[in-house]
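Let's take a walk through a protein model together. Keep the picture open beside you and look for each spot as it comes up.

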Amino acid sequence: MNTGKVTLVGAGPGDPEMLTLKALKAIHQATVLLVDDLVSDEVVAHAPKGARVVYVGKRGGCRSTPQAFIEKLMILAAREGENVVRLKGGDPFIFGRGGEELEHLRAAGIEVEVVNGITSGLAAVTSLGVPLTHREHAQGVIFLTGHAQKGAEPPDWKAIAAIARDARLTLVIYMGVSSAERIQRDLLSGLPAATPVAVVQKASLPQQRHAVTTLGELAATIARDGLASPSVIVVGDVVRGVAAAAAQGKLRAA
Ligand SMILES: C[S@@+](CC[C@H](N)C(=O)[O-])C[C@H]1O[C@@H](n2cnc3c(N)ncnc32)[C@H](O)[C@@H]1O
């Protein structure tokens with residue numbers, strides 16, 4: 001009899017204190033945990049003794065587990081009556097393939113629940129002491145990926161620049177550091193070179209680093225400061241407030 005279920009749980013950006021109570025409850029009740037790469041060890045440490053923990057990211061130098069295999073594992077375990085927790089960095093529904101997993105699990109007739117997590121883009125700007133939206137500087141926010149799926153078209157950065165300028169939106173770009181040169185070039189078609197930009201690596205973790213720069217200097221800053229994945233790039237006027245927050249001593253050391 002199928003009595004198992006799968007819960008897609010957002011583990012937040014890394015700081016274990018940013019886990020929600022609902023996520024913690026789901027982890028405590030898990031009998032099997034499938035853990036992504038960006039989930040911190042302190043979060044996994046909440047798994048009950050005796051629960052089976054399977055790392056499906058690139059941890060330990062292994063190539064990441066194929067998505068189809070992860071989905072198969074979840075379905076098999078749930079059919080065996082396990083209480084499966086799929087632990088994902090940030091929020092499962094922001095560039096986390098949570099949507100695909102949900103569809104496949106539902107198609108297989110598995111009971112599935114989703115527990116939101118704090119997405120890294122939000123944690124990144126908050127850690128700099130500035131908001132994503134502000135009545136005077138940004139009327140909204142767009143979450144984007146800088147990394148297109150194999151064979152798919154990359155985001156239309158020129159159209160995005162135009163809408164960000166006209167509608168006064170903050171851009172939060174995930175997985176963008178390795179394509180920063182192209183992103184910079186295309187965004188410059190619609191946004192001024194002086195547009196403020198922040199790059200935040202390992203947001204919320206003790207190893208967090210960041211740089212505040214301009215769109216015209218984005219790629220050069222990333223190369224100079226050696227900023228790497230996992231990082232988010234935040235583009236927009238809200239970033240101007242970082243200097244003010246730093247002056248009040250509210251920032252972690254960069
Ligand atoms: C596959 S996406 C997953 C995003 C995740 N679902 C979320 O909501 O944050 C991985 C990307 O998220 C961003 N990311 C995840 N954790 C991060 C962190 N602690 N600091 C900065 N960026 C992070 C990076 O852009 C990284 O390449």
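Start with the ligand and the shell of residues around it: these divide into 10 nonpolar, 6 polar and 2 charged. Keep in mind that you're looking at a predicted model. How many residues surround the ligand, and which are the closest? There are 18 of them, and I94, T119, S120, A203 and S231 are the closest.

Now zoom in on the atoms. A polar backbone atom of D91 is 2.9 Å from an oxygen atom of the ligand, and a nitrogen atom of the ligand has a backbone N or O atom of A203 2.8 Å away. How much of the ligand's accessible area does the protein cover? On its own, the ligand has 570 Å² of accessible area, and the protein covers 89% of that.

Have a look at the second largest pocket, with its volume of about 210 Å³. Its lining is made of 15 residues, and the ones nearest the centre are A164, R165, L191, G236 and D237. Sorted by type, the lining of this second largest pocket has 7 nonpolar, 4 polar and 4 charged residues.

Where does that lining come from? Two elements, α6 (157–167) and β7 (169–174), each give the second largest pocket at least two lining residues. The largest share is the one from β7, with 3 residues.

Together with F95 and F143, Y174 forms one aromatic cluster. Searching the whole structure turns up 2 aromatic pairs.

The peptide bond joining S229 and P230 is cis, with omega about 0 degrees. The other detail is K202, in the loop between β8 (196–201) and β9 (209–214). What is the phi of K202? It's near 50 degrees, a positive value in a residue other than glycine.

Conventions: Residues are numbered from 1 along each chain as its sequence is written. This is a predicted model: local features need pLDDT of at least 70, side-chain atom pairs count only at pLDDT 80 or more; totals for chains, interfaces and linings use all residues. Side-chain values use heavy atoms; hydrogens and water are left out. On a 1 Å grid over the protein atoms alone, a cavity is a set of points where a 1.4 Å probe fits but cannot get out, and a pocket is an open set with protein on both sides within 12 Å along at least five of seven lines; lining residues have an atom within 4 Å of a point. Grid points are joined across faces, edges and corners, and a volume is the space filled by probe spheres set on the points. Helices (H or I, at least four residues) and strands (E, at least two) are DSSP runs, numbered from the N terminus. Ala, Val, Leu, Ile, Met, Phe, Trp, Tyr, Cys and Pro count as nonpolar, Asp, Glu, Lys and Arg as charged, and the others, Gly among them, as polar. A residue is near a molecule or strand if one of its heavy atoms lies within 4 Å of it. A polar contact is a pair of N or O atoms within 3.5 Å; within protein, one must be able to donate a hydrogen and the other to accept it, and residues adjacent in sequence count only if both atoms are side-chain atoms. Accessible areas come from the Shrake-Rupley method with a 1.4 Å probe; for residues, only the protein chains shown count as cover. Rings of Phe, Tyr and Trp (its six-membered ring) pair if their centres lie within 6.5 Å; planes under 30 degrees apart count as stacked, over 60 as edge-to-face and the rest as tilted.
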